Amino acid sequence: IHAAALNFTQMSRDALPAADRVLAQAPDGATTLEMLGAVYTMNHAQHRAVDVYRCAVSARPADAIAHYNLATSLMFTGNLAEAEREIAKCIAGKATFWDAYTVRSKVRRSSADGNHVDELHDLLERFGDQSQSRERLNMALAKEYDDLGDYTRAFEHLVEGNAAGKTRRRHDIRRDEAVFDALVQHAPAAQPPVSGYATDEPIFVFGMPRSGTTLVERILSSHADVSSAGEL
């Protein structure tokens, strides 16, 4: 719980050692293992997350979520073949675990001889009245149609999936506009540009989602004198 609390407050420097101390005690409870796996996943320790989730699957082999967590961690480590097997076990254990279908569509490239298009359409017809299922199944179909080269249908399902997700998120652009208007009114004036400052202090990269902050972090951390602390 301590490690999870540190992780929740984004204190990754302390969360990982705390999780390691718990792991060193060889816990066998599935709940504890899943909590540790979440800490490792959120702090970019994917190989350790895989090891922990393997133990969680062994402790609770019928748990669809355990297989899902292992599959997603295996994808991060590049073990796509095993990830595909684990996500299949997740779906077999809980056919209405909608996130699993989106993940399954990503673990390998669909082909004319190997795809899930018919299955996904059948599920969409049966469960398409639910916003979450409609979003995830359409996203899975968009990916598979894109693999198959049917870009028109891929785009159609992408639009439908995004529309379903929008109804669930209930995002209101007016609220964002009000926040930015307040920031403009109360933020101090921009400081004049400077030539630089020699320091060993941390470098912080700020920005809106999808604005390129991860790319900037990767560029900086590729320098020999800079190391990445991860995204918080």
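From the N terminus on, the elements of the protein chain run α-α-α-α-α-α-α-α-α-α-α-α, and the tally is 12 helices and 0 strands. Helices here are DSSP runs of H or I with at least four residues, strands are E runs of at least two, and both are numbered from the N terminus. This is a predicted model, where local features need pLDDT of at least 70, side-chain atom pairs count only at pLDDT 80 or more, and totals for chains, interfaces and linings use all residues. Residues are numbered from 1 along each chain as its sequence is written, and side-chain values use heavy atoms, with hydrogens and water left out.

**Overall picture**
- The C-alpha trace of the protein chain spans about 60 × 50 × 35 Å along its principal axes.
- Of the 232 residues in the protein chain, 33% are buried (under 20% relative accessible area, using a 1.4 Å probe and protein chains only).
- Take the contacts (heavy atoms within 4.5 Å) with a separation of 6 or more: 49% of them come from residues 24 or more positions apart.

**The largest nonpolar core**
- This core has 39 residues, and the ones touching the most other members are Tyr 40, Tyr 68, Ile 87, Cys 90, Ala 100, Tyr 101 and Leu 137.
- At least two core residues come from each of H2 (12-24), H3 (30-42), H4 (46-59), H5 (64-76), H6 (80-93), H7 (99-107), H8 (117-127) and H9 (131-147).
- To qualify as a nonpolar core, buried Ala, Val, Leu, Ile, Met, Phe, Trp, Tyr and Cys residues must be joined through side-chain atoms within 4.5 Å.
- Skipping residues up to four places away in sequence, Leu 137 touches Trp 98, Tyr 101, Leu 120, Leu 123 and Leu 124.

**H6 against H7**
- The axes of H6 and H7 (lines fitted to C-alpha atoms over the stretch in contact) come within 9 Å and cross at roughly 155 degrees.
- That angle, taken between N-to-C directions on a scale from 0 to 180 degrees, makes H6 roughly antiparallel to H7 (the label for angles over 145 degrees).
- On the H6 side, the contact uses Leu 80, Ala 83, Glu 84, Ile 87, Cys 90 and Ile 91, and H7 brings Ala 100, Tyr 101, Val 103, Arg 104 and Val 107.

**Ser 133**
- Ser 133 sits in helix H9 and is buried, with a relative accessible area of 0%.
- Leaving out neighbours within four places in sequence, Ser 133 is in contact with Trp 98, Phe 127, Gly 128 and Asn 138.

Terms used: Buried means under 20% relative accessible area, exposed over 50%, partly exposed in between (1.4 Å probe, protein chains only). Angles under 35 degrees count as roughly parallel, over 145 as roughly antiparallel, 65 to 115 as roughly perpendicular and the rest as oblique.
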